[in-house]
Amino acid sequence: MMKIAFIGVGNVGAPLANRLQKLGHQVTIAARDPQSQTVLSALALNPALLIQTPLAAIETADAIFLATPFAAIESALTPLKLALNGKVLVDCTNTVGANLSHGLQSKISGSETIQQLVLDARVVKAFTIYGYENFEDNHYPGYGDLKPAMLIAGNDPVAKATISDLCQQLGWEPIDTGNLAMSLHLEHMALLWIKMAGAQRNGGFVWARLQR
Ligand SMILES: NC(=O)c1ccc[n+]([C@@H]2O[C@H](COP(=O)([O-])OP(=O)(O)OC[C@H]3O[C@@H](n4cnc5c(N)ncnc54)[C@H](OP(=O)(O)O)[C@@H]3O)[C@@H](O)[C@H]2O)c1
């Protein structure tokens, strides 16, 4: 059982928090406003989610999921900088610019930008390359043992192993793509997925790995 905190429980955070709690983890919403619509909806989805102030939630957590809009990273993380030292921080954000372009002009990944804000946190990018409907439900029957792939990236091997394990528990095949700089490619994968889902008006698809 892990203690997991969520900063942001909207489309992405709520289903992940819900499913992780149902797997037996202690999941806490690090709520800036316990009465916000997303917090109330997450609690309606799963009343067993705990609520604490962001600082209290982060201090006791083994892993923290960041699932806010990318534009909110500074205001969300700056007050928690010290508390995040040494903690596993799962970056679920995507930075999206005009016309579904990369929000930082592909010069640097959003995840490395987050790492620069919280230098001593162990940032792992994960749960970003698909739309949230796949975090609610990642069952794709009819493919035998083949599991949907969850590509992750990060600099800290132990942190990546922890998050790979959570991915597995959630039914994904975790694929470690390399260090945090690889996040730039994951962010482009997300844009690809969003454009494809938009064009076919269907987000019910994921990637899988076939490997020799
Ligand atoms: N939507 C998708 O399918 C999808 C898929 C993969 C990745 N992503 C990425 O995941 C992130 C979240 O997307 P979403 O669709 O879940 O967003 P969302 O539904 O708008 O939820 C955002 C959450 O962040 C919280 N938040 C906003 N500003 C904050 C701040 N300054 N400090 C602390 N918390 C703050 C909100 O809390 P309040 O209720 O208090 O406002 C809310 O719980 C984005 O970066 C997005 O690019 C989205």
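Let's start with strand β2, residues 26-30. Is β2 mostly covered or mostly open? β2 is mostly covered, with four of its five residues buried. Buried means that 20 or more other C-beta atoms lie within 10 Å of the residue's own; 12 or fewer is exposed, and in between is partly exposed, with C-beta atoms placed from the backbone. Strands here are DSSP runs of E, at least two residues; helices are runs of H or I, at least four; both are numbered from the N terminus.

A word on the source. This is a predicted model, where local features need pLDDT of at least 70, side-chain atom pairs count only at pLDDT 80 or more, and totals for chains, interfaces and linings use all residues. Residues are numbered from 1 along each chain as its sequence is written.

Now the neighbours of β2. Two strands pair if DSSP finds at least two bridges between them. Three bridges join β2 to strand β3, residues 50-52, and the two run parallel. In that pairing, Ala30 stands opposite Gln52. β2 also pairs with β1, again in the parallel sense, over four bridges. There, Ala5 faces Thr28, and Phe6 faces Ile29.

On to β1, residues 3-7. Four of its five residues are buried, so β1 is largely enclosed by the rest of the structure. β1 has another partner: β4, residues 63-66, runs parallel to β1 and is joined to it by four bridges. Ile7 has Leu66 as its bridge partner in β4.

How do the strands connect? β1, helix α1 (residues 13-22) and β2 make a right-handed β-α-β unit. β2, α2 and β3 make a right-handed unit too. Right-handed means this: with the strands pointing away from the viewer, the path from the first strand over the helix to the second runs clockwise.

Next, the ligand. How many residues surround the ligand? There are 26, and the closest are Gly8, Gly10, Asn11, Ser36 and Thr93. The elements that give two or more residues to this shell are α2 (37-45) and α4 (73-77). A residue counts as near if its C-beta atom, placed from the backbone, lies within 6 Å. By class, the shell has eleven nonpolar, 13 polar and two charged residues.

Now the whole protein. It has eight helices and eight strands. Of its 212 residues, 42% count as buried. The C-alpha atoms fill a box of roughly 45 × 40 × 35 Å along the principal axes. What about the radius of gyration? A compact globule with 212 residues would have one near 17 Å; the protein has 16 Å, which agrees. That radius is taken over C-alpha atoms, and the globule rule is 2.2 Å times the number of residues to the power 0.38.

Last stop, Gly204. Gly204 is found in the segment after α8 (183-200). Is Gly204 buried or exposed? Gly204 is exposed, because it has 12 other C-beta atoms within 10 Å. Take Pro47 as a reference: Gly204 and Pro47 are 157 residues apart in sequence and 27 Å apart in space, C-alpha to C-alpha.

Methods:
Ala, Val, Leu, Ile, Met, Phe, Trp, Tyr, Cys and Pro count as nonpolar, Asp, Glu, Lys and Arg as charged, and the others, Gly among them, as polar.
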